[in-house]
Amino acid sequence: MFKPLLFIAAFAILSLGFHFQRERLFPSSYHPAPSTGSTQDHVLSPNSIQAIYNSTLGFGDIYMINMPGRTDKLDALRLFTSVTNISYTVVPGIDGKEIPHVAWPGFYKEDLASRTGSWRAHMNAAASILDNNLSSALIVEDDADWDVSLKTQLTQFALGSRHILNAPASSEPLSPYGDGWDMLWLGHCAQDLPSKPLARFFIANDTTMPPAGRRWGLWNPEEILTYDVLHNHTTRVVYRPAGGVCSYAYALSYTGAQKMLYHLSYSHFDGPFDVGQAGLCKRGRKGEIDYSCVGVYPGLIHAVFGDNDMVYDPTTPRKEREKKKGTPSAPNLVFGVRENVRNLIEGKELVGRWQGEEEIGEMEMWFDEGKGE
C-alpha cells in the first residue's frame with residue numbers, strides 16, 4: 001500500500017533556500033515511511049529543484065491578475081514578490097460591463113458583471129499561455145498571500161504530484177512537477193470530498209501547517225484525506241481533487257490552457273469561473289473528459305479577505321479610511337509573506353502564528369497508492 005520516499009540530499013534544497021530561520025522552516029532531513037521494497041520512488045534532480053527555485057517557480061511565467069487602477073494591490077505584490085524572489089507578468093482585470101454583448105458567457109446578467117469580468121480575466125490568462133507558446137504558467141489573483149518558504153513547499157508538492165501522475169520514475173520530466181497534468185490547483189477556499197479509493201501523497205509533521213482547529217475553509221476533505229493518518233493535524237496531502245471553490249492560484253499547462261478555453265469559453269460555458277474550474281477537475285476524475293488535475297490540501301496560496309483591508313470608500317482618501325481589525329496574513333498560513341514583509345525587508349526575525357499549539361515531530365513524506373482500500 002505504501003511506497004517509501006527516498007528524497008535527495010536535503011542540502012540541495014537548503015543551499016537554494018532562504019537564509020533565515022532555516023532549521024525552523026526547512027527540516028534538515030526527511031524520514032520516509034517504512035519500506036515495502038518498492039523501486040518506483042520518485043526523486044527530484046538538482047535541475048528540477050533549481051527550476052522550482054527560479055523566479056517563476058518552475059513554470060513558464062507567473063500571471064498576476066490585477067484590476068487596472070488598483071495600484072495599492074500591485075504595490076503590495078511588488079513587495080511580496082521582491083522579498084521571495086518571484087517575477088511575474090500582470091494580466092489586467094476586466095470590468096464585466098465592458099465586455100461586448102456578443103462575447104458574454106451564458107451566465108451573464110447585469111448584476112453579475114463582476115463574475116463576468118473575473119471569468120474573462122482568467123480566460124485571458126489562459127489565452128496568454130497559448131499566445132506566448134508557454135509550456136505552463138501559474139495564475140494568481142492579486143489579493144494572494146503565501147508562506148515565506150513557498151519554494152520549499154513546492155519542491156515537496158512536486159514530489160507528490162509526480163507520484164500522483166504515476167509518471168515513470170526513471171526519466172526526467174519536462175516539468176519539475178511531472179508531465180501529463182492540465183491543472184495544479186495550489187490555492188483554493190475549499191475542495192470537494194474525493195471518493196475512495198484514492199492515491200495520496202502525505203507530507204507529515206509540516207511546520208508550515210496551521211494546527212487543527214485553526215484551518216479555515218468553506219468545507220474541507222480531511223475526513224477522507226487523512227482518516228487513516230495518526231498525526232493528521234500537521235499533515236498536508238497532495239491528491240486528485242473531485243472539485244473545489246475559489247481560484248486564488250492554479251497552474252495550467254499548455255494543453256490545460258487549450259482545454260480550459262475550449263470548455264469554459266468556446267463551448268459557451270454557463271457559470272462562474274471557479275465553478276467551471278471545479279467541473280473540469282470533477283469530470284476529469286470521473287473520466288468524462290480528458291482533464292488531469294492535481295491539488296493540495298490545505299492549499300499553498302491563499303487570499304486575504306476584506307476584513308483585513310481598508311474599508312473601501314472611494315470618496316475618502318486612503319490614509320483616512322478606517323482600518324478593519326484582523327491579522328494581515330491570509331488564513332491557513334503560518335509564516336505569511338504579508339505579515340512578515342517588513343521583517344524580511346529589514347532583516348528581522350520572522351513572525352509565525354500558532355507556535356507551540358501542536359507537537360510536531362520530524363518531517364515524513366510517503367505515497368499511498370490507495371489500491372488496498
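Let's start at a glycine: G276 is buried, with a relative accessible area of 6% (buried means under 20%, exposed over 50% and partly exposed in between, using a 1.4 Å probe and protein chains only). Before going on, note that this is a predicted model, where local features need pLDDT of at least 70, side-chain atom pairs count only at pLDDT 80 or more, and totals for chains, interfaces and linings use all residues. Residues are numbered from 1 along each chain as its sequence is written, and side-chain values use heavy atoms, leaving out hydrogens and water.

Back to our glycine. G276 sits in helix α9, residues 273-286 (helices are DSSP runs of H or I with at least four residues, strands are E runs of at least two, and both are numbered from the N terminus). What is G276 in contact with, leaving aside its neighbours within four places in sequence? The answer is L264 and F269, where contact means heavy atoms within 4.5 Å.

Now zoom out to the helices. Two packed helices are described by the angle between their axes and the distance between the axes. Here, the axes of α8 (residues 254-266) and α9 come within 11 Å and cross at roughly 120 degrees. These axes are lines fitted to C-alpha atoms, for helices over the stretch in contact, with angles running from 0 to 180 degrees between N-to-C directions. That makes α8 and α9 oblique to each other; the cut-offs are under 35 degrees for roughly parallel, over 145 for roughly antiparallel, 65 to 115 for roughly perpendicular, and oblique for the rest. On the α8 side, the contact is made by M260, H263 and L264, while α9 brings F273, G276, Q277, L280 and R283.

R283 has another partner too. Its side chain meets that of E288 in a salt bridge, at 3.9 Å from N to O (a salt bridge is a side-chain nitrogen of Lys or Arg within 4 Å of a carboxyl oxygen of Asp or Glu). R283 is partly exposed at 36% relative accessible area, whereas E288 is exposed at 51%. Elsewhere, salt bridges that share partners join D182, K259 and D290 into one network. By this rule, the count comes to 13 salt bridges.

Let's visit two more of these pairs. D75 and R78 form a salt bridge, their closest N and O atoms being 2.5 Å apart. Why do they line up like that? They are three residues apart in helix α4 (residues 71-83), so about one helical turn separates them. D75 is partly exposed at 40%, and so is R78 at 43%.

The other pair is R200 and D228, with closest N and O atoms 2.9 Å apart. R200 lies in strand β9 (residues 200-204) and D228 in the loop between α7 (222-225) and β10 (236-239), so the pair ties together parts that are 28 residues apart in sequence. R200 counts as buried, at 0% relative accessibility, while D228 is partly exposed at 31%.

Finally, follow β9 to its neighbour. β9 and β15 pair in the antiparallel sense over five bridges; strands pair if DSSP finds at least two bridges between them. A204 stands opposite E364 in β15. Strand β15 (residues 364-368) is mostly covered, with four of its five residues buried.
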